[in-house]
Amino acid sequence: MTTTQLETALSLYNPVSGETRLYNTRNAFITKNNHQLVHHATQALTEIQKYQLVSVLDICAYARGMKSKFELAIENAEEIIYYAPEWPIGYIRLGHLLDMQGKSPKSIEVYNEALENISQEDDPVAYHQLIQLKKAAVERNETRIDFIVMLPSELTINILLQLSEEDRCTLFNVSTLWRKWILEKGSIIWKELLNLNTDWFNFQRFQTAIKIANTLPYIAHHVKNLTVNAQRKDIWDRYMEYMGNGKFKGLKSFTITAVCSRQIRSPNRTMVLLNALWQVKLTLTTLDIRTSIIAKIADLLFYCPNLRKLVYYSYHTFDTSLGDIEILGEPRHKLIHVEFESQLFRQGSLVKFLKYFPNIRRLLLLKGCIPENLNEVIEYCQNLESFGYNCTGHKMNRTELDYHQESYYNRPSSTGGITEIFTSENGYGVPTTGFLPFLQKNAKSLKRLYANMSMTSEQEGAGEPFPHVTPVYPSWQFTQLEHLTYHSDIYRATEKVFIQAIEFCTSLKKLDMVDIVNLRMLVDTLIQLPPLEELSLSNITNIGEGDQILIKLFKAYADNSHTLPATAISGNRADRYNLC
C-alpha cells in the first residue's frame with residue numbers, strides 16, 4: 001500500500017480526529033514502525049466504519065422525517081448519538097426532527113447535551129453551529145402559538161376534522177401534548193374511519209393505509225363507523241386482529257369494500273371474519289358487504305344478532321347466498337333496512353328470508369328480481385315503507401327519510417303502507433301486470449315513485465310488442481304523492497292510468513315524464529293542480545300541437561301569479577322552448 005492509497009481510504013470520513021489518525025498512521029508507515037502502524041491503522045479503520053454507519057443512519061433519519069415517520073427517524077438519530085456521542089451530526093439531526101414536530105423545548109435539551117459533549121477547541125465550526133441552532137430553537141419556543149391550547153375545543157375539533165385520515169394519524173407525532181389531547185377527544189375525531197384514498201393500485205395509497213393501520217392501537221376503541229378498503233393481506237389481518245381481540249368495542253357500522261374480496265375467499269379467513277364479528281355483536285348494528293364472499297347471509301345474521309341494517313352483494317343466486325336461515329331459530333325483529341344484490345331471486349327464496357324478519361321497513365333488491373317477487377313482498381312485508389325493484393345505480397331520494405339517523409331506527413314501525421318505490425333508471429322496466437296492483441295497494445301512502453314501465457326482459461324474450469294489442473288496466477288515485485318519475489310502457493297503455501292517478505293529487509311537487517304521447521291530457525290535469533316546483537319532459541314524441549299545449553300550461557301558471565316551475569324538455573321539437 002502506498003501513502004496515497006492510505007490517504008484516500010482515510011478521506012472517506014470527516015471527523016476532526018481523522019487528521020490525527022491520518023498523521024499518526026502516515027508517520028508509522030514512513031518510519032516502518034509496524035507495531036504503531038497496526039495500532040493506528042486499526043483505529044482509523046474503526047472510525048471509517050463508524051463514519052459509514054453514521055452516514056447511512058443520518059440519511060435514513062432524514063428520509064423518514066420527510067415522510068413524517070418521526071418515531072423511526074428519531075430512533076435513527078439516537079443511534080447516531082449512541083455510536084458517536086462526540087460527533088455533532090446525531091445531535092443536529094435529532095434536534096431538527098424535534099423542531100419539525102414543534103417540540104422546541106426538547107430540541108433545546110438536545111442542543112445543550114451536544115454543547116456539553118462537543119469540544120469547542122476540537123471542532124469550533126460545529127460548536128458554533130450548535131449554538132446558533134439552540135438560539136433559533138429558543139426563539140421558536142418563546143414565539144410559538146399552539147392552537148390546540150389557544151382555541152376553544154369545539155373549534156379545534158372542527159379544524160382537525162377537515163384533515164385527511166392520514167394527516168390526523170400524523171398528529172400523534174407532533175408532541176406529547178397533542179397526542180394526549182387527541183386521545184382525549186378521540187371519540188369525536190375518530191368516530192369514523194373510512195380509509196379513503198387507500199386503493200390497492202397506488203403505492204402512495206398503500207403507505208397511507210399502512211399508516212392508518214399502525215394508528216389502530218390508539219383509535220380502535222373510539223371508532224363507531226369503520227370501512228375497510230384493503231387489498232393487502234397484512235393490512236386486512238391487522239383490522240381482523242384488533243376486531244377479534246375486542247379493540248373495536250364501540251363499533252356500530254362495518255363496511256367491507258370490493259377490493260377486499262381476495263382476503264375473504266378461503267373458509268379459514270371467512271371464519272376469522274365471523275369470529276371478529278362475534279366480538280362486536282353487542283354494538284354492531286350495520287353490516288355492509290359490497291363484495292361477494294363465502295360467508296352466507298344466515299351465518300352473518302347469526303354472528304351479528306343486533307343488526308338493523310344489512311347490505312350484501314353476491315355473484316350467486318339468492319338461495320345459494322342465503323344459506324341455512326333456520327339456524328336463527330326464531331324471527332328477528334331488529335333488522336329494518338336490507339339491500340341485496342344477487343344474480344337471481346328465485347321464486348320462494350326471498351320468502352325464506354322475509355319470514356324471519358317481519359319488521360323490515362326498507363327493502364332494496366338491487367339486481368336479479370323476477371315478477372313473482374312482487375307478490376312475495378306484498379304478502380310478507382307488512383311494515384315496508386321503502387322498496388326497490390332492480391334499482392342498481394339509482395340515485396334514491398332520501399331528503400325526508402334519513403336512513404342514517406338513529407331516530408329512524410328507534411321510532412315505531414309504521415303500518416300505513418309504502419312511502420317510496422324505486423325501479424331502474426335505465427334499461428329494463430318492471431312487469432306491468434305485477435307492478436300496477438302493487439302501486440294500487442299503496443296508492444294512499446306513496447310519496448315518491450320512480451316507475452320505469454318500459455320493456456321488461458321477459459317482454460323482449462317473448463318478441464313483444466305484439467301488433468294490435470292494447471292492454472286495459474284499472475285506475476286509482478294517489479293522495480300524498482310528491483315526486484313522480486314515469487317511463488311509458490311499450491303499448492302506451494299505462495300513460496292514462498298514471499295521469500289519472502295524479503288528477504286530484506294536490507301534494508305533487510316534482511314530475512318527470514319520459515316517452516309519453518298523451519301530452520294534452522297531462523297538461524289539462526296539471527292545470528287543475530297547484531303549480532309544480534319541477535317539471536321534466538323527456539323523449540316526447542308525436543307532440544302534435546305541443547307548442548300551444550305547453551303554452552297553455554304556463555299561461556295558466558302566469559295568470560294565477562305563480563312562479564314558473566324549473567322545467568326541462570327533451571325530444572321532438574324541444575329546442576323551440578325556452579321555459580326557464
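Me: What makes a residue part of the lining of the second largest pocket, and which lie nearest its centre?
Reply: On a 1 Å grid over the protein atoms alone, a pocket is an open set of points with protein on both sides within 12 Å along at least five of seven lines, and lining residues have an atom within 4 Å of a point. The second largest pocket has 20 such residues, with Ser68, Lys69, Asn173, Lys211 and Asn214 nearest its centre. The model is a predicted one, in which local features need pLDDT of at least 70, side-chain atom pairs count only at pLDDT 80 or more, and totals for chains, interfaces and linings use all residues. Residues are numbered from 1 along each chain as its sequence is written, and side-chain values use heavy atoms, with hydrogens and water left out.

Me: Which helix gives the most to the lining of the second largest pocket?
Reply: Helix α13 does, with six residues. Helices are DSSP runs (H or I, at least four residues), numbered from the N terminus. At least two lining residues come from each of α4 (70-83), α10 (165-170) and α13 (203-214).

Me: How many residues of each class are in the lining of the second largest pocket?
Reply: There are six nonpolar, eight polar and six charged residues. Ala, Val, Leu, Ile, Met, Phe, Trp, Tyr, Cys and Pro count as nonpolar, Asp, Glu, Lys and Arg as charged, and the others, Gly among them, as polar.

Me: Why is Leu177 called partly exposed?
Reply: Buried means under 20% relative accessible area, exposed over 50%, and partly exposed in between (1.4 Å probe, protein chains only). Leu177 has 42% relative accessibility, and therefore counts as partly exposed. Leu177 is placed in helix α11 (residues 176-184).

Me: Why are Arg492 and Asp515 given that label too?
Reply: Arg492 is at 29% relative accessibility and so counts as partly exposed. Asp515, with a relative accessible area of 25%, is therefore partly exposed. Arg492 lies in the loop between β11 and α24 (495-501), and Asp515 in the loop between β12 (510-514) and α25 (519-527).

Me: What makes the backbone of Arg492 and Asp515 worth a remark?
Reply: Most residues other than glycine have a negative phi, and most peptide bonds are trans. Arg492, not a glycine, has a positive phi of about 60°, and the phi of Asp515 is also positive, near 65°.

Me: Which residues are joined by a cis peptide bond?
Reply: Glu464 and Pro465 are, with omega about 10°. Pro465 is in the loop between α23 (457-462) and β11 (483-487).

How values were computed
1 Å grid on protein atoms, 1.4 Å probe; cavity = no way out; pocket = protein on both sides within 12 Å on 5 of 7 lines; lining within 4 Å.
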